[in-house]
Amino acid sequence: MKNYFNYINVMKEKIGIEGISLEDIEGMRNIVDTAYRRTMERYDKGELGFMEVIQKDCECYRLSDRYKEFKYILVVGMGGSILGTQMVYEGVKGVYANELNSKKVFFLDNSDPELLYSILKIVALRETLVFVVSKSGNTVETLANFFILREKMKKEGCREDNVVIISSGGLLKEIGKRENYKIFEIPENVVGRFSVLSSVGLVPLSCMGVDIGKLISGARDMDKLCRREDVFNNPALMNALIHYMFLNRGKSISVIMPYIERLYRFDLWYRQLWAESLGKDGKGQTPVAALGAKDQHSQLQLYLDGPKDKIITFIKVRKFKEDFTIRYKGHYLDGCNLSQLINFQQLGTERVLTSMGVPNISIVLEDLDEYTLGKLIYMYEMTTAFMGEMMEVNAFNQPAVEEGKKITRELLEGKGKGEEVVKDYIIKI
């Protein structure tokens with residue numbers, strides 16, 4: 001079995017009274033069936049665009065050859081408009097891809113002026129293909145960065161081919177039409193944090209050397225598994241049920257811990273997906289990003305000896321792109337490969353957590369490429385959709401976030417009405 005989802009370490013037979021039983025799972029049949037039915041009903045009504053877009057022909061996301069000439073690629077966006085793209089790029093190409101590849105890729109995902117400055121010191125704007133991504137077309141941080149870039153690009157004599165707009169409307173799309181930029185639409189029924197397998201991610205990724213056909217192929221194959229009604233044969237439905245059951249048992253923190261550096265950005269993508277989709281109406285489960293083996297030395301003490309409020313998911317890859325053999329005679333590491341070391345560290349952590357009654361799940365991948373990453377992404381999108389129905393929250397809106405955006409705009413329009421300082425509550429540092 002090359003790729004699999006293993007949930008034995010949440011069962012009572014492994015972790016004792018902290019665990020669940022097959023009878024417990026069977027007793028949730030009504031909730032599982034309802035969540036499955038409601039999810040598929042929403043899909044049939046056209047509400048779940050992330051399930052629809054993976055059926056589209058990938059050719060519609062590819063740019064013409066003239067866009068392949070650029071030496072640099074810069075993606076500008078916020079949250080779901082950019083995080084998934086960076087996650088796939090680093091997941092496929094590696095954390096240090098810019099040092100290894102001739103085409104340099106950068107992500108501008110904050111209104112931090114130092115970040116923009118550092119990118120501008122590296123790229124030559126006339127040789128840079130800029131993707132500006134915002135579903136609404138009015139995301140303030142994205143517009144702010146684009147306005148600055150646009151002004152500098154005009155001074156540098158950049159062409160209209162230097163910019164590609166990915167948006168559903170708003171000011172960004174207006175600018176794109178007026179200035180004759182290439183524009184890709186984002187379907188209205190695709191929410192930002194679920195959008196990586198739409199034009200949002202696939203258009204820029206197709207220019208970064210990522211095989212988007214394999215990515216979508218993996219998602220389509222996972223979709224077939226996620227449409228199975230039987231929870232014991234549907235990994236996303238079982239994953240959602242396990243997290244739902246343990247949330248109701250006080251496991252209010254979901255830790256995701258891959259043991260490969262290339263998946264750390266997946267952690268951050270999952271963190272947004274889980275938090276923004278499910279944190280509503282006083283409900284939710286806090287996602288925590290960890291990375292093995294390094295976080296065994298920074299967080300494991302808490303997981304083992306701290307509050308028993310966590311469920312942990314490990315992601316392990318069997319085959320690494322590269323490997324090294326350790327040589328030091330007389331030491332137990334002699335003859336061991338680094339891949340063996342990191343995977344034994346995962347197994348050791350899994351076993352000690354299990355022995356301490358901490359519920360944990362393992363996702364094992366034969367290797368990490370576009371196909372397996374497409375499977376993993378789609379599985380977690382479906383897990384989140386099912387979990388939302390179990391929790392009876394709308395996993396596809398973000399009302400609290402919108403209120404924060406409104407206040408930010410009011411502050412900007414007021415210009416000068418900044419931070420309120422009450423001296424009675426200040427300590428000098």
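1. Starting with helix H8 (residues 140–156): Lys155 and Glu151 sit four residues apart in this helix, so about one helical turn separates them. Their side chains meet in a salt bridge, at 3.9 Å from N to O. Lys155 counts as exposed, at 69% relative accessibility, while Glu151 is partly exposed at 48%. Keep in mind throughout that this is a predicted model.

2. The salt-bridge tally for the structure is 25. One of them pairs Arg29 with Asp230, whose closest N and O atoms are 3.7 Å apart. Arg29 belongs to helix H3 (residues 29–44) and Asp230 to the loop between helix H11 (212–226) and helix H12 (235–247), so this pair ties together parts that are 201 residues apart in sequence. Both ends are partly exposed: Arg29 has a relative accessible area of 28%, and Asp230 has one of 30%.

3. Another pair worth a look is Glu366 with Arg318, a salt bridge with its closest N and O atoms 3.9 Å apart. This pair links distant parts of the chain, with Glu366 in strand S10 (residues 360–367) and Arg318 in strand S9 (residues 310–319), 48 residues apart. Glu366 counts as buried, at 16% relative accessibility, whereas Arg318 is partly exposed with a relative accessible area of 37%.

4. Not every salt bridge stands by itself. Lys12, Asp24 and Arg249 are linked in a network of salt bridges.

5. Now for a charged residue without a partner. Where does Glu381 sit? It is part of helix H16 (residues 370–391). Glu381 is buried yet makes no salt bridge, and Arg193, the nearest side chain of opposite charge, is 9.6 Å away. A salt bridge needs a side-chain nitrogen within 4 Å of a carboxyl oxygen, so at 9.6 Å Arg193 does not qualify as a partner for Glu381. If we set aside neighbours within four places in sequence, the contacts of Glu381 are Phe50, Phe194, Val196, Leu197, Trp269 and Leu273. I'd look at this residue in the viewer.

6. From first C-alpha to last, H16 reaches 31 Å, close to the 32 Å expected at 1.5 Å a residue.

7. Just after H16, Glu392 takes a positive phi of about 60°.

8. On to the aromatics: the structure holds 13 aromatic pairs. Among them are Phe5 and Tyr7, whose ring centres lie 6.1 Å apart with the planes at 35°, so the pair counts as tilted. Phe5 is buried at 17% relative accessibility, and Tyr7 is buried too, with a relative accessible area of 19%. Those values fall under the 20% cut-off for buried.

9. There is also an aromatic cluster, formed by Phe266, Trp269, Tyr270, Trp274 and Tyr380. One of its members, Trp269, is among the contacts of Glu381 mentioned above.

10. The buried residues of H10 include Val200, Leu202, Val203, Pro204 and Leu205. What do they pack against? The list is strand S2 (72–76), helix H5 (83–93), S4, strand S5 (163–167), strand S6 (182–184) and H11.

11. Strand S4 (residues 128–134) contains Leu129, which is buried with a relative accessible area of 0%. Leaving out neighbours within four places in sequence, Leu129 is in contact with Leu63, Tyr67, Phe70, Tyr72, Ile73, Leu74, Asp161, Asn162, Val164 and Cys207. For a sense of scale, Leu129 and Glu26 are 53 Å apart in space, C-alpha to C-alpha, and 103 residues apart in sequence.

Technical notes
Residues numbered from 1 in each chain as written. Predicted model: local features only at pLDDT ≥ 70, side-chain atom pairs only at ≥ 80, totals over all residues. Heavy atoms only, no water. Helix = DSSP H or I, 4+ residues; strand = E, 2+ residues; numbered from the N terminus. Buried < 20%, exposed > 50% of the residue type's maximum accessible area, 1.4 Å probe, protein only. Lys, Arg positive; Asp, Glu negative; His and termini not counted. Contact = heavy atoms within 4.5 Å. Expected span 1.5 Å × (residues − 1). Phe/Tyr/Trp six-rings, centres within 6.5 Å; stacked < 30°, edge-to-face > 60°.
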